[in-house]
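Trainee: Could you take me through this one?
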Amino acid sequence: MRCLVTGATGYIGGRLAPRLLAEGYEVRCLARRAGRLRDVPWAGAVEVVEGDLSRPESLTGVFDGVDVAYYLVHSLGQAGFEAADRQAAENFATAAHAAGVRRIVYLGGPEPAADQGASSAHLRSRDEVARILLASGVPTVVLRAAVVIGSGSASFEMLRYLTERLPVMVTPRWVRNRIQPIAIRDVLRYLVGCATLPPELNRGFDIGGPDVLTFADMMQRYARVAGLSRRLLLPVRPLTPTLSSYWVGLVTPVPNALARPLVESLVHESVAHEHDIAAYLPDPPEGLTGFDRAVELALATIRDAEVETRWSTAAGPDAPADPLPSDPGWSGGSTYTDIRERPVAAPPEVLWQVIEGVGGEHGWYSFPLAWSVRGWLDRLVGGVGLRRGRRHPHRLRVGEALDFWRVEEIVPGELLRLRAEMRLPGRAWLEMQVQHDGDVVRYRQRAVFLPRGLVGHAYWIAVAPFHALVFGGMARNIAAGAERQMQGRAPS
């Protein structure tokens, strides 16, 4: 059986693909850029095809020979995400039906009861996508999940950082609404199992874990599992979902654009109204994973640096994606660069370890205040800021987020190229390179900025005086860091 996984560069899809492989299925992954999946551990075992669900002409042949197609994409956090998701779902449904796909599986969100008032835009969009797929003419199973608890999920990151950073928290009314969270391992078990459901099945199922809690309960229970003191929650009625999302964006790594639809969804109670899925995919003998156990597993995965995917793994459809052009003259001479080189008294492999470890908890090796201010400014204008951190403390993959950069290229031991995803009047890259000729090792660093209009030129001119401090300090400190590591290795 051949399965097509869309959203394979995202949080759920990036975990589903290897589990389908483990069950013996052939797996084809659809990505806008195939290179985004180049470095995942299972890359050599899947077929990767390029295509974009927003462009139906790019889907030719993508669904050929596919038995089960998983729809795991969304444009949440992007401007106009409802229209974008509607178009993507329609294109997916049309292509799947034309190719004779036997089953569609979609992971969506809960639809609140009619007596709870108007639904959030996020939940309306998820429900609209479900209805489009159910009406596609291809038997479709829709799994409706509320909050997913797992290392790296946006909901878990929100819960984790709010609880850990705020022993006292002013809370909105929605923290008292009931939620039925589900562990990521149970979500994946259901998704894999859906590949073998009866061919005539065309319906939605609510899925949830065994615990029904409020968000306030979840914070207190997270604190207990994590060994923290009990949190003091002070309810304040005027704290609206919009204000709440700004607060979430301020305290957690989840940016405002993503926090807002998540918070608006929590305004409604999200409890499973049925458990019919058990008639087709019975609960495991030990039962579904409880909330406390799900938190334990997530924290252990983070502690052991074994996080497979994170919410920031996926880049939105309107995120910059063009690679750094190889022709330096392509823009008519309007390319700004800052190049720094330093000799390094350390072997190439030691220098590379320092380069690959930049960002996250290690920082950026120069003027931390300047990087922090730039991150805060980016958050204030709706950008991602610095808090996305890293998936792994020492290893990077093409396509994953690194603070407010995204890894565009890695040549192990030689080159790391990052593409900026902070808000800028142009496009920017940062390259870090190991060069060696015989016994001579050098660190080469290049920042590239392609301005957009007069504002872009003015931006570069305005920040140029700080480059010696920021970029110059970065080059010096990375070289010095490699030399210190080398000295630490020297026998006493």
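This is a predicted model: local features need pLDDT of at least 70, side-chain atom pairs count only at pLDDT 80 or more; totals for chains, interfaces and linings use all residues.

Mentor: Residues are numbered from 1 along each chain as its sequence is written, and side-chain values use heavy atoms, with hydrogens and water left out.

Trainee: In what order do the seven strands of the open sheet run?

Mentor: The order is 3-2-1-4-5-6-11, with parallel pairing. Strands (E, at least two residues) and helices (H or I, at least four) are DSSP runs numbered from the N terminus; two strands pair if DSSP finds at least two bridges between them.

Trainee: Which strands stand at the edges?

Mentor: Strand 3 (47-50) and strand 11 (203-206); each has a single partner strand, so one side of each is left without a neighbour in the sheet.

Trainee: And how many bridges join strand 4 to strand 5?

Mentor: Four, between residues 68-71 and residues 103-108. Val-68 stands opposite Arg-103 in strand 5.

Trainee: What does helix 2 touch?

Mentor: Helix 2 (residues 81-99) packs on the sheet against strand 1 (2-6), strand 4 and strand 5. Contact means heavy atoms within 4.5 Å.

Trainee: And helix 5? Which strands does that touch?

Mentor: Helix 5 (residues 184-193) touches strand 4, strand 5 and strand 6 (140-144).

Trainee: New topic: is Leu-380 buried or exposed?

Mentor: Exposed, at 68% relative accessible area (buried is under 20%, exposed over 50%, partly exposed in between; 1.4 Å probe, protein chains only). Leu-380 lies in helix 11.

Note on methods: Axes are lines fitted to C-alpha atoms, for helices over the stretch in contact, and angles run from 0 to 180 degrees between N-to-C directions.
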